Amino acid sequence: MLFNSIEFLIFLPIVFCIYWLLHRHLRWQNAFVVAASYLFYGWWDWRFLLLIAFTTACSYASGLAISSSQFKVGKWELKPKFFLWTNIVVNLLILGLFKYYDFFAQSFADAFLGGNADKMLLHLVLPVGISFYTFQALSYSIDVYRGTIKPTRDVVAFFAYVSFFPQLVAGPIERATSLLPQFEQGRKFDYRTTVDGLRQMLWGFFKKMVVADSCAIYVDNIFDHPDWFNGASLLLAAVLFTIQIYGDFSGYSDIAIGCAKLFGIKLRRNFNVPYFSRDIAEFWRRWHISLTTWFRDYIYIPMGGSRVAKGRVALNTLVIFLVSGLWHGANWTFVVWGAFHALLFLPLILAGKNRKYRDVVAAGRALPSWRELGQMLLTFFLTVMGWILFRADSIEEAWKYYVHMFSTLFEDSPTLTSNMDAWVVLVSVTVMTVVEWVNRGEEHEFYLQPHSRLLRWAGYIALIFMIGAFMVTNEMPFIYFQF
Amino acid sequence: MKRLLKNTILFTLVAVVAYLMLLCLLGDLGWVRTARTEMKNRGFLNTRIKDIANYHNVDVLFLGSSHCYRTFDTRFYRSHGISCFNLGSSNQTPIQTYILLKQYLDSLNPKFVVFEVHPDIMKNDGIECAVDLLMNVPMNCEATRMTWKTGNIKVINTWFYALYNQYICNRLQHCKEDSVMDDALYVPGGYVEIRRKEFVRKNYSRHNLTIRPEQMEALKKCLNLLKERDIPYMLVEVQDAEQLRSAFKNHEWFERKMKALGPYRYKVLPLVDTVHFCNSNHLFIPGIELFNNDFLPDLEKELSNIEQDI
């Protein structure tokens, strides 16, 4: 089920009402969360529910096995590490089979068999959100092994933790340390939290259905036929894709986090105004935070992090970015995109300047200084260059795009599709930028709590109207569903 | 929870009123993307609907999409003694045809109906025609039912705007389209002559034809409406240019589906794409002449059968 669908509009109020009717019965309430989440996911393809259930069961069992002090099979004594690695290998095998097998088989065939991989390919359908829920399940068993969390014996709460529908298909990737206890304790209905959740959802819908989808019309047109357009159009399309992917993914995260608030659940922040970053290191602290911190905590730090020799730090950083790129999809473009960001990040980390900007830009001021503006624009431009790799179908296509864009950049002004589309993009992107700039230091970007009711309601109505009047009517799935 | 419920109801009321006011205000300025706010267009539905008042008890009623109103030349049939009206409109799918039939079948009271069917139309969602119809046809229950059945925001917004346009601004009655718009000429009786050829060579990828179940259901409802009134009909498919026709993988399947619904005519004439076609799926003046000359005997035969029955 898509958030931006009629089905969800009917599904959510029903689930909300039943959920709070069950508030005196925690176990039933959790069981209802699982049922609703499985219905939400099964709406797309019920067969893959078995896969989620299997992943969840494996991680649950591994948690219990890791924590048991003695586990003997015959004369063999199995250690916690064994159960941890079994769970990791099983989960990664499933992920690898569905997501990466065809990619590596094709790459192998390209390199050694002249490209003929027909007999080797499986053509499996990629289960929606598999990368997200697999990582969430894995983090639990690793945390149990490290002793940062006690294994749960509440199987229903654990199933709710892995499958909680707002964040099931595209994150934020939650940690058991923060989400699982919320399912193990009773939740209380809170009016302010609920209203704030609705507000955040509304902002997410605006970013997805108006900003991102409007940009997509132009972006798809240009990226499908880059040869037909001049360099300025290609640059504009790359900038709009940069905005599209932010609106799409952060919009989804806002809907997910806001939706979770309706059920009294607090999810972690996933985006924190990343395009207001002053360097690439700050960008990566603000972009897809739940994934970045996952890689940091479960791969980068165990590899030694930045407390090793500089050569090793460089290697660790490169590995993290390459893995992060590959996580996004089975295509070399994502790997090269990761490498591109690693190259931008490495000078900062090697010079010890990667943690220079930890506060919000222009804190306490209405406008940034010229220097800050220049830094933000440069960082934005670098991300734009990276997103071209991310959006292209192949490295060859991306290269052609760069060459064509720069070689014809000053030939002519950009081609626009229609006046209406151009106005919608201009107005909606301006609204998004201004609102996010004003609220950049707040809990989320549409935080209107301190303002008067008149102003808040005017804000809601303006957004509702913009969604109703300017949304793209074709159903457009979220970009990150494919990951 | 009570507070949430109370404020939700209050906010919904305020939001609905504000939304509709903004929709009307910005709609008048043409600043709403998800609504059709303009009545006039090259399909001449506004003029055609008003023209209906001049036609009663016609021999033949033509129904369908732009293939219909750009092919069945009412002047040609009138010159052969056949009174007729062409009720085609842009992208008209059977869902909208049903609404038009319910509203105008009794006043036109045709002896025979030619129902133009096209594979592209049978797989169409009908949104474009729905908004065209809402803006140009007096509001009625069937159109309202169609609006809410689509669940499409563009149709719903247009429905609200059309209500405002018709009942508050009274614009529908006063709207008058010019009989010539760009290269299109409206001919009394519903036919539209396109005077400029815009044929472009294209490579269509081969694809399977499909039919939307809701369009098939609506088509059956239309035909049942005719059967209830004992009006004989014929399903007619107007041929496309070769470059498009050859891209259909399973046209025989489509033919079988149509034949199961009643008399069906699909005849491929030896036409040349660049000479006889305006674009890939519309005939140009020389092609229209050839088509109508070829179709006339079949139509006359049907009409004489009806005369004999009477």
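This is a predicted model: local features need pLDDT of at least 70, side-chain atom pairs count only at pLDDT 80 or more; totals for chains, interfaces and linings use all residues.
Where the chains meet, chain A puts in 16 residues and chain B puts in 19.

**Chain A overall**

- Chain A has 483 residues, and for that length a compact globule would have a radius of gyration near 23 Å; the chain comes out at 23 Å, so the value agrees with the globule rule.
- Laid along its principal axes, the C-alpha trace of chain A spans about 75 × 65 × 45 Å.
- Buried residues account for 43% of chain A.
- Take the contacts in chain A between residues at least 6 apart in sequence: 75% of them join residues at least 24 apart.

**Chain B overall**

- For the 310 residues of chain B, a compact globule would have a radius of gyration near 19 Å; the chain has 21 Å, which agrees.
- The C-alpha trace of chain B spans about 70 × 45 × 40 Å along its principal axes.
- In chain B, 37% of the residues count as buried.
- Of the chain B contacts with a separation of 6 or more, 78% come from residues 24 or more positions apart.

**Where chain A meets chain B**

- The contact between the chains takes 16 residues from chain A and 19 residues from chain B.
- On the chain A side, the elements giving two or more residues are helix 1 (6-21), helix 9 (191-224), helix 17 (419-438) and helix 18 (453-470).
- Helix 18 of chain A gives the most to this side, with 7 residues.
- By class, the chain A side has 13 nonpolar and 3 polar residues, and no charged residues.

**A sheet in chain B**

- Strands of a sheet pair through backbone hydrogen bonds, and they can do that either parallel or antiparallel.
- Chain B has an open sheet of 3 strands in the order 4-5-6, and the pairing is antiparallel.
- Strand 4 (180-181) and strand 6 (191-194) of chain B are the edge strands, as each pairs on one side only.
- Strand 4 of chain B is joined by 2 bridges to strand 5, residues 184-187.
- If you want a spot to look at, Met181(B) stands opposite Ala184(B), which sits in strand 5 of chain B.

**Two asparagines with positive phi in chain B**

- Asn57(B) is a residue other than glycine with a positive phi, near 50°.
- You'll find Asn57(B) in the loop between helix 2 (45-51) and strand 1 (60-63) of chain B.
- Asn57(B) counts as exposed because it has 10 C-beta neighbours inside 10 Å, and the cut-off for exposed is 12 or fewer.
- Asn170(B) also isn't glycine, and its phi is positive too, near 55°.
- The loop holding Asn170(B) runs between helix 9 (153-168) and helix 10 (171-174) of chain B.
- Asn170(B) has 10 C-beta neighbours inside 10 Å, so this residue counts as exposed.

Technical notes. Residues are numbered from 1 along each chain as its sequence is written. Chains are lettered from A and ligands numbered from 1 in the order in which they are written. The radius of gyration is taken over C-alpha atoms; the globule rule is 2.2 Å times the number of residues to the power 0.38. A residue is buried if 20 or more other C-beta atoms lie within 10 Å of its own, exposed if 12 or fewer, and partly exposed in between; C-beta atoms are placed from the backbone. Two residues are in contact if their C-beta atoms, placed from the backbone, lie within 7 Å. Two strands pair if DSSP finds at least two bridges between them. Helices (H or I, at least four residues) and strands (E, at least two) are DSSP runs, numbered from the N terminus. Ala, Val, Leu, Ile, Met, Phe, Trp, Tyr, Cys and Pro count as nonpolar, Asp, Glu, Lys and Arg as charged, and the others, Gly among them, as polar.
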